[in-house]
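We will go from stop to stop, picking residues by number.

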Amino acid sequence: MGKESFNGLTFFRGRVGLFSILKGLSIGIGDDVITQAFTCIAVPEAIIATGANPIYVDISENSVTMDANDLAIKITPRTRAIIVQHTFGIPADMDYIIAVANKHSIPIIEDCCHVSYSTYKDKEVGSFGVGSFYSYEWGKPIVAGIGGSVKINANDLYAKVEALRNRMATPTKKRQIRLIAQYMIYSLIYRPLLYWPIKDLFHKMDDLGLVEGNFNQIESNEEIGSDFNLKMARFNEWILLRKIRRGTQFMEHSRRVSSEYKDKINSSVVSHHKIKEGMTVVYARYPLLSKNKHELLKKARTSNVEIADWYKTPIHPLKENECGLVNYIPHSCPNAEALCEQIVSLPVGERVRLSDVNRIISFLNEVQI
Ligand SMILES: *Cc1c(COP(=O)(O)O)cnc(C)c1O
């Protein structure tokens, strides 16, 4: 994604963008698509919607991104694409992953839903693969309500994805109105201090079908099918274009907030995630590792401090015993499973003010577990 301009194709959600890239690559029934464990359900949902099978590669030890060695092991003659996720905005080990992919001539698609401006060896993420996809829902670096986009790096693929998009429908009027209302309410009420009550309210309303949730129920296949045929709603697209013009502002804000966290959090209950050489990271959220994640989250909730728990399982937000629904084999990705027990993350978005940052830092430095 260009820093000031936007030259991508928009879709109803990030996952619809991924679905379109996969379709553009003629991937479907009988094919395998590789993705990392420690991801969100949107990714396997899009793979399954094409008729293909998701195959999970573990993350490297002490990292949040794909292990190139495990990737090499999991590739088979049925593998048709590799989705590489830059989790929290931290670039994956592209040199190693590209070497493995090239050896087998398998295209790479980058999952940039957490990232817009990070670089790996001075090259912007999203420019390594045949294409990349982005998401703009609540909790992502740039929030535009529900929406997603793709950037395509290969001309022939662009034409195919664009043609697919042109045949898609716009969400119904009723749905668009609901999306506008939802965005307005979010803009009015969200701030880190209200994270927990808003989260609870959102889940309640989602259960009642009153809002567009982040996740479709995996059981209801019909619902999934219809959403994969949708463009982004006009209003959300309008919000997106306005926000992308202010993208550098977001980047600077994220840098400022995350360097405060990095410099000032020196608590014994959490440790910082180490970034490898050769990357500049613009965080979507700032990750921390905790030995007692559940206790920490409980305390954060009672103190009204925004600390998120994602991802809770290798395929968030499925429960451990539900991950099989999207083809995840229990214990097949031990690093991802271990990370789920430790990882928490802090907000860096535009609504986070210095006073919020200070409150979060004091909470972490003072909390006793
Ligand atoms: C949010 C997210 C997506 C896609 O989200 P949509 O809800 O489809 O816009 C994909 N991958 C990751 C890692 C995400 O966090």
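**Stop 1: a serine and its partners**

Select Ser132 and Tyr134. Their side chains are joined by a polar contact of 3.2 Å. A polar contact is a pair of N or O atoms within 3.5 Å; within protein, one must be able to donate a hydrogen and the other to accept it, and residues adjacent in sequence count only if both atoms are side-chain atoms.

Before going on, a note on the model. It is predicted: local features need pLDDT of at least 70, side-chain atom pairs count only at pLDDT 80 or more, and totals for chains, interfaces and linings use all residues. Residues are numbered from 1 along each chain as its sequence is written, and side-chain values use heavy atoms, with hydrogens and water left out.

The side chain of Ser132 reaches its backbone oxygen at 3.4 Å. Ser132 sits in strand β9, residues 131–135. (Strands are DSSP runs of E, at least two residues; helices are runs of H or I, at least four; both are numbered from the N terminus.)

Is Ser132 buried or exposed? Ser132 is buried, at a relative accessible area of 0%. (Buried means under 20% relative accessible area, exposed over 50%, partly exposed in between, with a 1.4 Å probe and protein chains only.)

**Stop 2: salt bridges**

The structure holds 16 salt bridges. Each is a side-chain nitrogen of Lys or Arg within 4 Å of a carboxyl oxygen of Asp or Glu.

Select Glu45 and Arg15. Their side chains meet in a salt bridge of 2.9 Å, N to O. Glu45 lies in helix α2 (residues 42–49) and Arg15 in helix α1 (residues 14–24), so the pair ties together parts 30 residues apart in sequence. Both Glu45 and Arg15 are buried.

Next, pick Lys243 and Glu350. The closest N and O atoms of this salt bridge are 2.8 Å apart. Lys243 is in helix α9 (residues 234–245) and Glu350 in the loop between β15 (343–347) and α13, so parts 107 residues apart in sequence are tied together. Lys243 is buried at 11%, while Glu350 is partly exposed at 41%.

**Stop 3: the nonpolar core**

Select Phe38, Leu71 and Ile307. They are among the residues with the most contacts inside the largest nonpolar core, which has 68 residues. (Such a core is a set of buried Ala, Val, Leu, Ile, Met, Phe, Trp, Tyr and Cys residues joined through side-chain atoms within 4.5 Å.) Helix α13, residues 354–366, gives the largest share of this core, 5 residues.
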